Structure formats: structure tokens, C-alpha cells
Amino acid sequence: MEATSFEAVTPLPPSENALGRDNYLSRTHGLRSWLFTLDHKRIAIMYLVSILASFFLGGVSALLIRTELLGPHKTIMDAKTYNQMFTLHGAVMIFLFIIPGIPAALGNFVLPMMLGAKDVAFPRLNLASYYLWVIGALFAVLSIVLGGVDTGWTFYTPYSTTTNSNVVLLTFGAFILGFSSIFTGMNFIVSIHKLRPKGMTWFKMPLFLWGLYGTAILQVIATPVLAITLLLLIMERALGVGIFDPALGGDPVLYQHFFWFYSHPAVYIMILPAMGIISEVVSVFSRKHIFGYRMIALSSIAIAILSFLVWGHHMFVSGQSNLAGLIFSFLTFMVAIPSAIKVFNWLATMYKGSIWLATPMIYVLSFLVLFGIGGLTGLFLGALAVNVHLHDTYFVVAHFHYVMFGGTMIGFLAGLHYWWPKMFGRMYNERMAQITAILVFIGFNTTFFVQFVAGSKGMPRRSFNYLPEFRIYNQISTIGSYLLGLAFVMMAVYLVRSLISGKPAPANPWGSATLEWQTASPPPTENFAHSPEAGDPYDVEAWTWDEKIGGYVKSGGTVTSGATVPTVGTAGA
Amino acid sequence: MPGLNLLHLLYLLQLGAAAIADGDDFFMPAAGSTSAPGVDRIFHFILAVSVFFFLLIVGLMALFVAKYRRRPGVAPLPSPTHNTALEVTWTAIPIAIVLVIFVWGFRVFLDMSTPPANSYEIIVTGQKWKWLFSYPNGTVDENLHVPVDRPVRLVMTSEDVIHGFFIPDFRLKHDVVPGRYSKVWFRAVKAGEHQIYCTQYCGTGHSEMLAKVVVHEPGGFEKWLADAGNFLKKMPPAQAGEKLYRIRGCAQCHSLDGAGSTGPTFKGVWGRKEALKGGASVLVDENYVRESILEPQAKVVAGFEPVMPTYKGRLTDQEITALIEFMKTVK
Amino acid sequence: MSAEHHDAHLAHHFDTPIQQLESGKLGMWIFLSTEILLFGGLFCAYAVYRSNHPEIFVYAHRFLDTRLGAINTVILIGSSFTMAWAVRCAQLGKQKALVVLLGVTILCACGFLGIKAVEYEHKWKDGLLWGKRYKAKTEHGAHAPAAKAKGLLPPTAKVNPEVKSLIPLPAEAPHGLAAPGHAARAEHAAMEAPKNVQTFFSIYFLMTGLHGIHVIAGMVVLSWMLLRAIRGEFGPAYYTPVDLAGLYWHVVDLIWIYLFPLLYLIH
């Protein structure tokens, strides 16, 4: 098994491993050194821990939802609790986990290092953004503790303005989380504009940075609209301003326009960075230069722009005019094209490569299958006549999860496994990770594929109860969700074991050519001993395995890895 | 060439799609309206396109993984890092395909949203958590009764929050919004029953907000309508009263099981002495109930807001009597 | 460029002070664009309701006091001027002028809020409030002499907010654009109150309220700048914070310059 090649090598720590020596984790100690840190890597780790905790909360609620749906009528909870549960699941997964997931946790760690920089442009703002996330999360949790919210994560009016639950707390939480997201986006845009190293022109940036750049633009432009929408909703509940209340001359459908003007781009806030990760990983693990770099980069920007113009496809049956339906349907189909281009480019990258089926690559393959299904089922929903039938059914639920879990979550897992050795300086158990990746794939498909069938047969989403004919689909789905749950338990086990007793990781375990791998694992607080000079980020063939070092080194080039890896211990300032 | 085989498969799939276009297949429920086959044909076309591309992507991926799997001592083969002709091709072909789907989908959608001139009109009201269907002769029913093979136009509005009116067998769906009217139409193809769902989340009873479409044989609808309009004469008063309780909006505020709501429960209310706002009290008898229906603000039970609208002119004496008879039976 | 001067203010992750200044400015511009987008949502709501129900806006805007609005506009434009001057003084190292000008700018902001408070108080007294709090009193309206002179009948409350479940007769489905004939209806509106006048006051209070919050935030920032200026922290070598605060203040003014005609000067 190729994947085990590094395991077979030296039992001693790889020479570029900084564990037990000076690195960003060991430089200072104590809780205060973490809570007040301005180091983007530590903030990233705090984000990672926090969003994984949110994922746990969202995941448990998902399992409870699926258990309830084992049979029609009440299984383990009543309708009111069920409604609160799916609201909790949606709101936590969207606002707390998947939107900040890749940018704030992985992006925060990697972005400055990919730029060869010491930090993001505004480290204090970065920390502020984290604490805003924490405050927003506290509000969300408080709304649950004080009795829950039963509106669904979309907070549609007038239901949300009339229901007797803690809508204000949860929406205020989402409002604050929005500012956390805006600050991260601002930081990334400025960092990418102003902190690129010598030699890194726009079209020599790693594609993950293009993905984060597109995401940051969306965060900055779309999130304020969410902020004002939620503010109006809060005002509506607190003061009765009536903007969305038909009884006071308001228009409840206007809320939907506002909400989706943010929330459709938000879908791309979630998927663009995942696509960036896939672009990195597919090149490294095919041991080949990425195919069609420019098209992948530009398609990220095309997606970012087009995604602002398609919000109306969430409202095809809400009574908007046929003309609006025509325009939004057309633009919806157009936004599919850049994603298709990316998929073909990734496939072409694998062509004639030397495909290394390590865990991150298994997630890439998984991504191609699942995102493929997610994208293609979008065609059904984009076609107006078919959309009328499928709208608000489980078909949409399945489509959404194929894109968000099959796309973003799988991309996140690919990135987590890819950068894990860099973040913590230790490898994980490769065999366990591979088995888990396959189990995630199986569990996911079992859970969600049948939902396409249930949906096209007519099962409405957000249903506590269902007709007997849908029982079989729901039972299969629930079994799948348990497999998925098991897979995540396994993942938690081997990742925690890795932290405690994983093999020390080399500076560059995968043979990547981007800058973050050209320093020790884990990196020193300053990231690099000398500011590195950027070359071609996909020149992975120039990096070859070195038995003695236990990692990849640059061969044939003028710069050896030793020259850019700091001599550990001298990095202190 | 795997591509060629896949093209064959695409062709076969399309044949299959045409064959099952209006049947009960793996994905779609049986078609019950004249619009449904048109929708199903697009659905199956997109399905065929999707299966083709899915197999293409996954097939190539599997092929590459098998063929170019990493082996010791074998370096990646030299290959270009971009190819403009190829990249233009795989941009242009998807654009062409999605344009076909877009135009097709929009044209069928237009047909679906344009009702024929001589449609029979039924008013639909959504409320938490049931549907009410009002017919031209004043009949109100909880199920949608329609004649077969005649265009029916639904004019829909909501009394509270947004609901979604969905008949899967007719491939028909539209949001039902408070404060405005949504209009849809359909033409049922054969007699029988079809399921109606609410698809827009509307609270605790969202998934229970069900109803049936009953498609009548030719002539059967008119007979049903005449009977339904006459139920006060055909049913015992208490039973007719129960029907009125359900369809005339009483159920929204007055429970039958003792649960608290906007208004007092009907459970055990008959013959009870109710304390009124302001200290007085009243015996719940025929006269008090009649007064409360016609002049709801006259004597408001303590602990409740004076929010009930008057039913003067909206309920006949006969209907009020039926309601009174029904209230007597709620123990 | 004398490096010694900058070092104290140069963060470790920037290579040069220029890079740091440019990053700060880019960040501020991005932040300001998010502010504009935040108001953009309200401007959209304004546009939707005004194009669907122009008669409400034509009718209700006369209850706003154009004179006070105009005075406030002049005050804010003046404060933008003193702010720009203050930035210039910081760049030139004119310590005393900087302190004075920042002080004047803050005073202008106080004046603006004071006048705004007077306006709000009048609305409060007359029940010309948002949504369900809207309860116009028939004998009032004296503060809007223009409206009275034109024989305008005071608006009367048309909604009963207690009855949530009883939606009034459905309004006509909103059009994308104002239908022809609206102009005629608008004329008619001068005679009697149209339905749903409260919509205008909801939008008025939301827009001016959010703007007011931004003015308060601006005053906090400017006061902090004033404090630092008194301590002598700014000079030709380091004036970025004053510069950025100035940008923010200009945007706050700019938004008011749009709000004033949109709310007060409707025809």
C-alpha cells in the first residue's frame, strides 16, 4: 500500500519535525496565552475546536431527527420538539459550522502561510471575529436552553413573527455570527491583496486562496444584507414595525427576497473554499500539476458573481412573476457551468498522474461522486416546470445535503486530513482514516439517496409525520445516518489518538509545492525563518521522497527544503 | 471507447423515459393531470442527461485511479497542464445542454401557469392546519372535489402564515400567502383520489395539514355539489353542526378537548356558569351562544380577549341552531 | 522615509509602513461597503413599498418637518467639512487645530442628534409611529403646518394589531413596478389618508434610527480620536486612525444625504 510508505521509514522523528521544540503550540503556555493570542494559527485551532463542537451538536440533533422519522407519528419526540430539533440542526450546521468551517478554521491556519506571511493583515480583528463567533454561538445555545425555536433555519415570515418561541435570541445570534463572518472576509481580502510574497502574482496563487478570495467577497457583500434582514425581523417581533406583516400592510414575501439574497451566496460561501481544497489535494495526490489552473481560478470568481443573481430560484412557487422565473431559471443554469468546468479540470489532473490513494485523496474521489450527484440534481431544480413539483420536498433536502455534506463537508474533511500533520505535527493512523472515509461515503449515500425518491414521490420537507408509503425510504435513511454517526465516532478516536501518540510528521509529508509545507511541522510562531519566495504552487513533481528526512524534499531546484525550513530553536524573536 | 457505450446507454434511457413518462415509476408518482406527462418528460430527460454525465465522470475517475495508480518507481507521465480546445469543448457542451433544459422547462411552466378561459373556479383557504375549499354555491368542504376532464382554477389565500399547496399526482404546487391570492389550475384526467400536502413549514401541525382531491366521474361532481350544499337538510343537526364547526373557522379558537386557545374550549361548556369580564356571570344556554355568535363582544368570558369577529350575516339561523346542537354534544 | 518614526506603529507582520497603511485603508473601504450594503437592504424595502404604494409616501411625508431635516443636512455636511479639515491638520502636524476640529465635528454630531430627538418627540406625541404603534391623534398634526394648510386630513388608525389572525382583505398582488394611474391616486391622497400609512413611519424610523445608531458609533470613534489627539499621538508620520475615522464619518454623512430627500422631499 503506497499510503503507508512513510510509516515504513525511519522510526526517529523526521528531521523537520518541531514537536518538543519551539513551535507555535509550545512557544507560550497557559489559558491566557491562547485566549488572548493574535497568532492566526492559534485562532484557527480555537475555531477548529469550536466548530467541531458545533458539528457535534448539529450531528446529534440530526441523529435524533432521523430516529424520530423511523416511523410515522411519534417515535421519540412530539411534533413541537421535532420542529425545534430540525431548526436547531439547520441553524447550528449552517451558521455555526459550515459557513465558518473552512474559511475560519482551515483558511485561517493556511492562508497566511500560503502567502509566506507571518499573519493575516489584521490579527486583532481576527481574534475579535472569533469572539463574535463565540458570542453568537452563546446566543444560539441560549435560545435552545430557554425553550428552543421552531421556525426552521430560514425564519420565514409571518410564521417567525408570530410563533411563540425564542426567535429573537437565535436571530440575534445569527446577526452577530454574520459580523464574525464579515470580519474574516475583510481580513482575507486585504491579506490576499497586500501580503502576497515576491513572485506570487494573482495567477500564481494557490487555488485554495482563489477559493477563499471568492468566499471573502461573498461574505463581505452578502452578509450585511442578512444582518439588516435579521434586524428587521427582530424589530418586527420586538416593536411590530410591520414591514413583513400583511396585517400591517407589509409583504411577507419581501422577507424571502432579502433572506435568499444572502443565503444563496451563502451556499457558495460554503462550497467555494471546499473546491479550493479539492484543487490543492487532487494535484498533490496525483503527483501532477493542476490542469487548467486559470479556468479553475476564474470559475471561482464567476461563481462568486453569478451567485448573487440567482436567489429567486428559491421562490419559484412563491408567486413571483413569470418573467422573474425566466430570468432566475436562466441564471441558475449558468451558475452550474463554472462548477462543471472545475470537475472536468480535476478529472484531467488525475489523467496520467500517479494517483496516491491516501485519505485526503479518497475524500477527493468521494467529493467528485457526491458533488457530481449534488450538481446534477440541481438541473432538475433549475428547470421551472420540474421545480414546481420538487420544490420544498425531500428532493430538495437530498440535493442540499449532497452539495453541502457531499461537497463542503467532504472538502473540509479532505482539508483536515491534508493539513492535520502541519497543524499538529503528527500523523494519524492512515488505515483507520481510509476505512472511515469509505464508511462516510457509504453512510452518506444510504442516508440521502433515498430522499431523492421520497421527495419526487411527494414527501414534503420538515415533516414530523408522513404517510405509510414513505416508511421504507425513511427507515433506510435512518440506518444510513447511524453509519455516518459511527464513522464520525471512529474519526474522533483516531484523530485524538494521533494528537497523543501519532507519528511525528515531516515538514512535507505529501510532497506539496505550496509554501505552508516549506516550514517545520508544526510551524514556528513566525511561520517561516526567512520570508520564502513563491514559485509555481503546483510544481509537485519537483518534490521527491527522501528516506533520511522522512518527508518530501525539493529535488533539482536551487532551493532545498533545508534552506527554507528554520533551524529549530533559532526562530525565537 | 467507453464514451460510445455511454451514448448507447443514454439512448436506451431516453427510450425508457418515454415509455414510463406518465406511469408510476421509480421516482415519479402516477400522473393525474394533463400537465403531469409534460413535466415527467423533462424530468426523465434530465435524468438521462444526469446519468450519462454521472457515469462519464465516475467512469473516467475509476479508470484513471485503476490505470494511473501510484506504483513504486513509476513517475507520472508527462501531460499538458491545459488544453484550450478541450476546455472550450467541455464548457460549450454543458452550456448547450442546460440551455435546452432551461427553454423546455420554461415553456412547460408557462403552459402550467396559464389557465384556460372556461375554468371552474374554487377558492382555497389555508389555515393552521387544514385546507378549506369554497364552491360557487357557498358550499365549503375540507377536501377538494372536482369534475374529471374539466379545467379547474384554484384561487388560494391564507388566513395566518404561508402554506404550500401541493398535489404530487398533478405536479402542482404553489405557496399560499396571507394578504394575496395565488392562482393555479389543473385538469384531472381520470376519476379517483389524490393526496394534497402542505409544503411550506407552518408549525406544529404542518405535516398533518393533509387533504384529498376527489375527482368525480362526469355528472358525479354536480350531484356531489348539490348534496354538499344541502347538508343541513340531509344530516342530523348535531352532525351538521360539527361540520360547520370545522369549516366555518370555530375550530381555530375553540378546542374540543379542553385545551386552552384564543377562545374558551367547547368541552363541557354547555350548561356551565361562565364568569364574565367585569365580574358578572352567565349561563351558557341557547340564547347566550346565539348572542355570542352574532355579537361576540357583548359578553366576553373572563380571561379572554374580545377578538372574535361577528358572524352576523355569515351564518343562517338554521346553521346557528345546528352549531348549538353540536355544542351540546361536546362533553 | 525615516524608519525610526514608523517602527513603533509598524506591526510585526507588515514589511513596510506603506503596506500597513494601504492594508488599513483597503480594510476600511471594504468595511464601509458593508455599511452601505446594510443600508442597501432598507433602501430596497423603501423602493419596493414606494413603487407599490406611492400614495402612502406622498401623503405621509408631509408629517415630517422639512425645515428641521434641512438644518440637520447642513449640520452634517458642515461636520464632514470639519472632519476632512481635521485629517489634513493631522497630516500637517497641526496639533491644536486637529483637536479643535475634531471637537467641532463631535459637537455637530450632538446637534444633529438633538434635532433628531426633537423630531422624534413630536412624532411620539402625535402617535405617528411605526407599524402597530401607529395611532394618529385627530386633533394633532399642528407641528406640520404645511400639511394643515393644504387641507390635509390627519391620518386615522386603520389597524387593530390585537387581531393577528384576522388578516384584512388581501391587498392586490404587488407589482414589480408602479401601475399606471398611480399618479392620479397620489393626487387624490392629498385629500384623505390612504390605507397603511404606518408603513411609511416604519420605514422612516428604521432608516433614521439605524442612521442615528451610526452617528452615535461615529461620535464614540471621534471621541476616542480626540482623546488620542490631545495626547499628541498623531502627526505627519502617523495619522492612519484619524484618516480611517474620517472615511467612516463621511459615509455616515453620505447616507443622510440620501435619506433626507428620500424621506422629506417627496413629490
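**Note on chains A and C of the predicted model**

1. Read from the N terminus, the elements of chain C follow the order α-α-α-α-α-α-α-α-α. That is 9 helices and 0 strands, where helices (H or I, at least four residues) and strands (E, at least two) are DSSP runs, numbered from the N terminus.

2. This is a predicted model, in which local features need pLDDT of at least 70 and side-chain atom pairs count only at pLDDT 80 or more, while totals for chains, interfaces and linings use all residues. Residues are numbered from 1 along each chain as its sequence is written, chains are lettered from A and ligands numbered from 1 in the order in which they are written, and side-chain values use heavy atoms, with hydrogens and water left out.

3. Chain C has 267 residues, of which 49% count as buried (buried is under 20% relative accessible area, exposed over 50%, partly exposed in between; 1.4 Å probe, protein chains only). Among contacts in chain C with a separation of 6 or more, 80% join residues 24 or more positions apart; contact means heavy atoms within 4.5 Å.

4. Arg62(C) sits in the loop between helix H3 (54-60) and helix H4 (66-92) of chain C. Arg62(C) counts as buried because its relative accessibility is 18%. Its side chain reaches the backbone oxygen of Val58(C) at 3.2 Å.

5. In chain A, Gln451(A) belongs to helix H15 (residues 430-456). With a relative accessible area of 4%, Gln451(A) is buried. Leaving aside residues up to four places away in sequence, Gln451(A) touches Arg66(A), Tyr394(A), Phe395(A), Val397(A), Ala398(A) and Ser477(A). With Ser477(A) there is a side-chain to side-chain polar contact (3.0 Å); such a contact is a pair of N or O atoms within 3.5 Å, and within protein one must be able to donate a hydrogen and the other to accept it, with residues adjacent in sequence counting only if both atoms are side-chain atoms. The C-alpha atoms of Gln451(A) and His399(A) are separated by 8.8 Å, the two residues being 52 residues apart along the chain.

6. Leu146(A) lies in the loop between H5 and helix H6 (159-162) of chain A. Leu146(A) is classed as exposed because its relative accessible area is 54%.
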